[in-house]
Amino acid sequence: MVARCEVCGNEYDRAFQVILDGGRHTFDSFECAAHALAPKCAHCGCRILGHGVEKEGVIYCSASCAKQEGITELRDRV
Ligand SMILES: [Zn+2]
Ligand SMILES: [Zn+2]
């Protein structure tokens with residue numbers, strides 16, 4: 001069965017699916033999955049892979065981005 005990556009449109013017979021929040025997503029690579037599923041920094045919009053900081057459910061890629069949104073006290077996500 002050939003599936004089409006929903007990020008780049010590549011058709012790939014080893015595409016994999018991720019079920020997230022009840023929705024089904026098809027990707028050909030982890031890179032595409034990360035592109036679609038990784039959270040975005042609320043300030044600069046970049047993808048957060050791994051480390052980020054979170055305050056009241058809003059995620060930033062770094063403490064400096066959080067600061068620019070007026071957030072001074074935050075804890076690092078581990
Ligand atoms: Zn892809
Ligand atoms: Zn940022």
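The zinc ion (ligand 2) has a tetrahedral arrangement because its 4 donor atoms subtend angles of 106 to 113°. For orientation, the ideal angle for four tetrahedral donors is 109.5 degrees.

This is a predicted model, in which local features need pLDDT of at least 70 and side-chain atom pairs count only at pLDDT 80 or more, while totals for chains, interfaces and linings use all residues. Residues are numbered from 1 along each chain as its sequence is written, chains are lettered from A and ligands numbered from 1 in the order in which they are written, and side-chain values use heavy atoms, with hydrogens and water left out.

Who holds the metal? Its protein donors are the SG atoms of Cys 41, Cys 44, Cys 61 and Cys 65, at 2.3 to 2.4 Å. Donors here are N, O and S atoms within 2.8 Å of the metal (3.2 Å for Na, K and Ca); water is not among the atoms, so sites may look incomplete. Along the chain, the zinc donors follow the spacing C-x2-C-x16-C-x3-C.

| Residue | Relative accessible area | Class |
|---|---|---|
| Cys 61 | 23% | partly exposed |
| Cys 65 | 7% | buried |
| Phe 16 | 31% | partly exposed |
| Phe 27 | 0% | buried |

Cys 41 and Cys 65 belong to the largest nonpolar core, which has 8 residues, the others being Ile 48, Val 53, Ile 59, Tyr 60, Ala 66 and Ile 71. Such a core is a set of buried Ala, Val, Leu, Ile, Met, Phe, Trp, Tyr and Cys residues joined through side-chain atoms within 4.5 Å.

Now to the phenylalanines. The structure holds 1 aromatic pair: Phe 16 and Phe 27 are tilted, 6.3 Å centre to centre with 55° between the planes. Rings of Phe, Tyr and Trp (its six-membered ring) pair if their centres lie within 6.5 Å; planes under 30 degrees apart are stacked, over 60 edge-to-face, and the rest tilted. Because Phe 16 lies in strand E3 (residues 16–20) and Phe 27 in strand E4 (residues 23–27), the pair ties together parts 11 residues apart in sequence. Strands are DSSP runs of at least two residues, numbered from the N terminus.

Notes: Tetrahedral: all angles 85-135°; square planar, octahedral: opposite > 155°, others 65-115°. Buried < 20%, exposed > 50% of the residue type's maximum accessible area, 1.4 Å probe, protein only. Helix = DSSP H or I, 4+ residues; strand = E, 2+ residues; numbered from the N terminus.
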